[in-house]
Amino acid sequence: MAEKQTVDVEKKTPAASPPTGIQVIAREFAKDKLAMTSLLFLIVLITVIYVWSFLIDQEQLMRISLRDQMAAPGEKYWLGADKGGRDILGQLIIGARNSITIAISVTLITGIIGIAIGLITGYFGGWIDNIFMRIIDFFITIPSLMIIIVFISIVPKYTVVTFVLIMSVFLWVGTARLVRSKALSESRRDYINASKTMGTSDGVIIFKEMMPNLSSILIVEMTLNFAGNVGLETGLSYLGFGLPPSTPSLGTLVAYANDPFILENAWWNWLPASLLILLLMLAINYVGQAIRRSADARQRLG
Amino acid sequence: MSFMQIQDLRVHYPIRGGFFNTIQDHVLAVDGISMEFEEGKTYGLVGESGCGKSTTGKSIIGLEKITSGKIIYEGKDVTNARRQRNSAYNRDIQMIFQDAHSSLNPRKRVSEILAEPLRNFMKLTPDEERRRINELLAIVGMPEDVKLKYPHEFSGGQKQRIGIARAIATNPKLIIADEPVSALDLSVQAQVLNFMKDIQKELGLTYLFISHDLGVVKHMCDEINIMYKGRFVETGTKQDIYSNPEHIYTKRLLSAIPNIEPATRDERKIERQRVEANYQVENKKYFDENGRVFDLRPISDTHQVAMTASEQGGN
């Protein structure tokens, strides 16, 4: 049996791994042209927005200049100016950056909290599960939008950071519930029992053994959450409960359309922001759907 | 001399119900069993589905909570300590799972799977660890290039051999084999079983062999415990059980072993019907009014049967 123990084969053998989440997703994108286009569009758009926003001085941008009130698109302002004489294009870039930054931060924060709590409650079950599920039930029953609006009205000086934190308080519960349900079934599998009998500690089992096996649904959940979170800031700003007025925002730009005069005579005030939101949401949703399909073997195209 | 004793092990699960979700009753999955393990022997645990065989194995290794009873390992009571992951008990008792496929983490390579117990229990340098993994693969007769493969790339028998390699990685004393071959086809069953016997001789292992396949148990075991409804109905050596079954349940179980001899088909049918009729008639003698199995009563040095005749209660 044991003739050649010293032969080191580690370099020779090509590692044929099971198709991991990433590989399956890559195949799915290769098959779905729309999702691929959306992904490229998103990457380009986000890069442009972030780089450009660095070049814009926000104070300068938000300075009111009455001479340029409602300036039509032209040499000075590519996309015209609003009723305060402020450049629409600059506001568009900064607004989009804020929306995306908020979406990414909220997705990451709620993702980390939700996944950690979901995995832990699903793995341990019993009273830990019970306590957390009651907390989650509580969060789901309270009307979160009302509470967020109240929060925003009473917090004296709020910025992107406080906004992200307030949103995150309410949004981790969905992820936690989903992850818990998957972790419940995964933690009853034999390989978890085997790890227990081999003396691996609970923390290592949860995050190193169980989590990689749930990676596909975690990626899907995060992407779809991201798609939803992009609209968060925009929606609240539209209602007037978003970031402070000194901060440019897509929601504020769209809200200009509430004024019949602007709606009729100054399309450049509201149309670019609306289009940007539309394209952004569509692109993220197509990407999210491709990723979701790749997580379910029956729906896959690739 | 036995190195490990199990005394009056009980695993009861509460049945909840009613308006306040209170405990209404208990499922007596394992209800008072005692065993002793000697080095180098194989102990069989046989019974029908749901009689508590697997629960017994899992509670010994610490995957199930014990309701009452004691596990004594090398003179020390480890009933509570066994749930601490890094104890010596956990190192010395290992398990082979029924479904080899699901007992291997699909996201880990064979080398990582085999390294897991080594890293937890033995402080090895990376070099020693690699040598030990090669050694383990050699013991289970697999080439070294499987180290970089993932579990799904192996056949059922190969997976089970990886499971066995993992179980013997820390030089354990007792291996609990929970139906290790029932998921494999017959040709591979024989291969894995013979191989388990070989490494037993080589490494001086003790097996607790859980199975419902009486042929396999006859092939593997020195001592056999027949289990029914969470209790032992009969324990004894292989000869005691197979040539001199005393309990009606054991007789019934043995008569159910399939035999592909067409000539004696009718005789065996009559024999089976006789055993079954006997089972119905003598029911009272072997089970109390609740259907519970009586306590074991010794009838020879090695042979114990659960019967009503004695009130002092065996064991």
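Q: What kind of model is it, and what are the ground rules?
A: It's a predicted model: local features need pLDDT of at least 70 and side-chain atom pairs count only at pLDDT 80 or more, while totals for chains, interfaces and linings use all residues. Residues are numbered from 1 along each chain as its sequence is written, and chains are lettered from A and ligands numbered from 1 in the order in which they are written.

Q: Back to that pair, at what angle do helix 2 and helix 4 of chain A pack?
A: About 115 degrees, with the axes 9 Å apart, for helix 2 (residues 33-55) and helix 4 (residues 88-124) of chain A. Axes are lines fitted to C-alpha atoms, for helices over the stretch in contact, and angles run from 0 to 180 degrees between N-to-C directions.

Q: How many helices and strands does chain A have?
A: 13 helices and zero strands. The radius of gyration is 24 Å, well over the 19 Å that the globule rule gives for 302 residues, so chain A is more spread out than a compact globule. That radius is over C-alpha atoms, and the rule is 2.2 Å times the number of residues to the power 0.38.

Q: And what box do the C-alpha atoms of chain A fill?
A: Roughly 90 × 50 × 35 Å, along the principal axes.

Q: Switching to chain B, what order do the strands of the open sheet take?
A: Eight strands run 6-7-8-3-9-10-12-11, with mixed pairing; two strands pair if DSSP finds at least two bridges between them. Strand 6 (93-96) and strand 11 (296-298) of chain B are at the edges with a single partner strand each, so one side of each has no neighbour in the sheet. Neighbouring strands are turned by 20 degrees against each other on average, direction ignored.

Q: In which sense do strand 3 and strand 8 of chain B pair?
A: Parallel, over five bridges, between residues 42-47 and residues 206-211 of chain B. B:Y43 has B:L208 as its bridge partner there.

Q: Which strands does helix 9 of chain B touch?
A: Helix 9 (residues 248-255) touches strand 9 and strand 10 (231-237) of chain B, and its direction makes about 105 degrees with that of strand 9.

Technical notes. Helix = DSSP H or I, 4+ residues; strand = E, 2+ residues; numbered from the N terminus. Contact = placed C-beta atoms within 7 Å.
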